[in-house]
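User: I am new to reading protein structures, and I would like to learn how to describe the way parts of a chain pack together. Could we go through one example step by step?

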Amino acid sequence: MIVVAGATGNVGREVVRLLVEAGQPVRALTRDPAKATVPAGATAVAGDLTDPATLRPALGGATALFLLSGYSPDVFTEASRAGVRRVVLMSGGSVETGDRSNAVARYMMETEDALRASGLGWTMVRPRMFMTNALQWVPQVSSGVVRAPWPDVPSAVIDPADIAAVAAEALVSADHEGREYPVTGPEALRPGERVRILAEALGREIRYEAQPDDEARTEMLTQMPEQYVDAFFSFYSDGRLDEATVFPTVLEVTGRPPRTFAEWTRANAGRFH
């Protein structure tokens with residue numbers, strides 16, 4: 001039995017789908033199973049990661065757990081008590097900066113540290129920027145102009161389904177235990193390049209405009225705490241995070257290459273209307 005936390009998120013839902021397709025028994029962890037839509041063959045189970053004691057029924061009899069960073073180390077205690085042997089943690093590339101003064105890097109590093117100390121088998125999956133971040137542009141697409149910050153910062157953006165494919169392989173095989181996997185797409189693209197590719201997929205003219213840092217900061221402060229805004233400006237304005245390096249992880253782990261951004265945009269064009 002494999003338990004998937006974040007089972008309705010971009011990556012978690014794909015992990016559930018892939019495991020079901022592979023014939024694995026899966027429990028999809030969610031706060032409200034009655035409202036969760038999960039693939040046939042998976043069971044939605046209740047649990048709140050912010051209250052680890054609520055996870056006991058979901059973890060009972062499970063052998064592996066897919067987890068997101070940022071939760072109490074008590075989650076690992078509950079997993080160990082339940083007999084879980086293996087945890088696949090979705091962390092992030094910011095761990096590799098080693099910068100604990102950065103709020104985003106710190107919570108990911110602390111979760112990885114706690115997992116290593118737990119005695120459980122572990123695999124760290126560290127994706128770079130998600131292709132689905134482009135969906136933030138939906139309100140702007142109809143205007144024909146997309147404004148976004150950091151015009152000169154390339155990122156090897158990754159399809160969440162490819163992150164899930166790596167995680168699913170690690171959940172079912174001990175071969176990946178003790179590994180730290182940087183997960184990227186096949187090419188590093190700047191925001192303007194991603195907008196151009198999106199425009200081609202939609203068959204319309206869309207122009208990219210660089211958003212000034214001060215304007216971007218003000219907008220981001222309406223969406224997240226200041227410490228996380230500072231973290232992203234450290235990554236991209238100060239150049240503390242390398243997301244441009246392309247890694248062969250998806251191909252090596254799954255046997256197939258990662259999806260390109262052009263392929264993702266064509267497959268998801270309907271979400272931009």
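Predicted model: local features only at pLDDT ≥ 70, side-chain atom pairs only at ≥ 80, totals over all residues.

User: At what angle do α4 and α9 pack, and which residues make their contact?

Analyst: The angle between α4 and α9 is about 100°, with their axes 7 Å apart, and this makes α4 roughly perpendicular to α9. From α4 the contact takes Ala103, Val104, Ala105, Arg106 and Tyr107, and from α9 it takes Gln227, Tyr228, Ala231, Phe232 and Phe235. By class there are 8 nonpolar, 1 polar and 1 charged residues in the contact of α4 with α9.

User: Which residues of α9 are buried, and what do they pack against?

Analyst: In α9, which covers residues 226-236, the buried residues are Val229, Ala231, Phe233, Ser234, Phe235 and Tyr236, and the buried residues of α9 pack against α4 and α8. Take phenylalanine 233 as a case: its relative accessible area is 6%, and it is therefore buried, since the cut-off for buried is under 20%. Leaving aside neighbours within four places in sequence, phenylalanine 233 is in contact with Trp150, Asp213, Ala216, Arg217, Met220 and Asp238.

User: Where is tryptophan 150 found, and is tryptophan 150 buried or exposed?

Analyst: Tryptophan 150 is in the loop between β7 and α6, and at 14% relative accessibility it counts as buried. Its phi is positive, about 55°, although tryptophan 150 is not a glycine. Although phenylalanine 233 and tryptophan 150 are 83 residues apart in sequence, their C-alpha atoms are 9.2 Å apart in space. For contrast, glycine 98, in the loop between β5 and α4, has a relative accessible area of 48% and is partly exposed.

User: What is the idea behind a nonpolar core, and how many residues does the largest nonpolar core have?

Analyst: In soluble globular proteins, nonpolar side chains tend to be buried together. In this model the largest nonpolar core has 34 residues, and those with the most contacts inside it are Trp137, Val141, Leu202, Ile206, Phe261 and Phe272. The elements giving two or more residues to this core are α4, β7, α7, α8, α9 and α11. A second, separate core has 29 residues, including Ala42, Ala64, Ile163 and Val250.

User: Which residues does isoleucine 206 contact, leaving aside its neighbours within four places in sequence?

Analyst: With those neighbours set aside, isoleucine 206 is in contact with Val141, Gly144, Val145, Val146, Val195 and Ala199.

Note on methods: Residues numbered from 1 in each chain as written. Heavy atoms only, no water. Helix = DSSP H or I, 4+ residues; strand = E, 2+ residues; numbered from the N terminus. Buried < 20%, exposed > 50% of the residue type's maximum accessible area, 1.4 Å probe, protein only. Contact = heavy atoms within 4.5 Å. Core = buried A, V, L, I, M, F, W, Y, C linked by side-chain atoms within 4.5 Å. Axes fitted to C-alpha atoms, helices over the stretch in contact; angles between N-to-C directions. Parallel < 35°, antiparallel > 145°, perpendicular 65-115°, else oblique. Nonpolar A, V, L, I, M, F, W, Y, C, P; charged D, E, K, R; others polar.
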